[in-house]
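Dear colleague,

Please find below the structure I am handing over to you, together with its sequence. A short account of the findings comes after it.

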Amino acid sequence: MKNKLFITILFISLLGIFNVQGETPIEEGKSIFATRCAACHSINKVLTGPALAGVDERRSIDWIVNFIHSSQTMVKQGDKDAIAVYEAFNKIPMPDHKDISEEKIKSIVEYIKSETLSAAAITKIKKPGKLRPTYTPLTVQNTGFFISFFIVVGLLIAGLLLAVHSRSISQELADKKVPL
Ligand code: HEC
């Protein structure tokens, strides 16, 4: 009986761990965006950098990857769009993010797409009093926190059961006088 319970709990804990690793591209993109891009970018509002809504429609994915890896390299190479956006934003250079893989940049773009509002929705939120935040980094962190919390609790219970169980096994063996 106890054995079954132990295995069930272990299984649930493992599921929890896989669940954390198996986040969708949009979720992955959302958390990278929150930590690496949100200081300068919003999806639907101009901040230090341009609003990124619809960026996948005005640029190719290769362009976006190159730009995020090193926007200044593109400016120096004479890429027209890179120069135009650099000049439009008062020549504030966007810092290089060479460590973000192409795969991860695609996840960020997926997240941007999922958050891109239609033109109609944007005019609506531009009305005073109707502004709403476009991203909520706390939610991501909270979900991660709760999942890890349940994993830790699950593992603790599993460990406790294992301890209790192994004691009862040795008790059983002792009762049967099996030489250990
Ligand atoms: C320190 C501020 C800063 C950070 C951090 C930053 N950017 Fe930028 N970004 C800018 C600025 C300023 C521009 C305007 C163009 C330029 O600097 O050349 C820009 C431009 C862009 C463009 C071009 C947009 C267009 O319409 O062509 C993309 C795409 C972009 N950023 C994506 C990102 C992503 C994705 C991240 C996070 C991995 C990020 N940026 C982080 C400041 C930043």
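The paragraphs below describe a pocket, a histidine and the cysteines.

Please note that this is a predicted model.

The largest pocket has a volume of about 590 Å³. Its lining consists of 32 residues, and those nearest the centre of the pocket are His41, Pro50, Leu52, Phe67 and Met94. Two or more lining residues come from each of helix 2 (25-37), helix 3 (55-58), helix 4 (61-76), helix 5 (80-88) and helix 6 (102-115). Helix 4 provides the largest share of the lining, with seven residues. Sorted by class, the lining of this pocket comprises 23 nonpolar residues, six polar residues and three charged residues.

I also looked at His97, which lies in the loop between helix 5 and helix 6. His97 is classed as buried because its relative accessibility is 11%, where the cut-off is under 20%. From its side chain, His97 reaches the backbone oxygen of Pro95 at 3.0 Å. Beyond its neighbours within four places in sequence, His97 has contacts with Arg36, Ile68 and His69.

As for the cysteines, how many disulfides does the structure hold? The number is zero. Cys37 has a relative accessibility of 15% and therefore counts as buried. Cys40, by contrast, counts as partly exposed because its relative accessibility is 32%, which falls between the limits of 20% and 50%.

Yours sincerely

Technical notes. Residues numbered from 1 in each chain as written. Predicted model: local features only at pLDDT ≥ 70, side-chain atom pairs only at ≥ 80, totals over all residues. Heavy atoms only, no water. 1 Å grid on protein atoms, 1.4 Å probe; cavity = no way out; pocket = protein on both sides within 12 Å on 5 of 7 lines; lining within 4 Å. Points joined across faces, edges and corners; volume = space filled by probe spheres on them. Helix = DSSP H or I, 4+ residues; strand = E, 2+ residues; numbered from the N terminus. Nonpolar A, V, L, I, M, F, W, Y, C, P; charged D, E, K, R; others polar. Buried < 20%, exposed > 50% of the residue type's maximum accessible area, 1.4 Å probe, protein only. Polar contact = N/O pair within 3.5 Å; in protein donor to acceptor, adjacent residues only side chain to side chain. Contact = heavy atoms within 4.5 Å. Disulfide = S-S within 2.5 Å.
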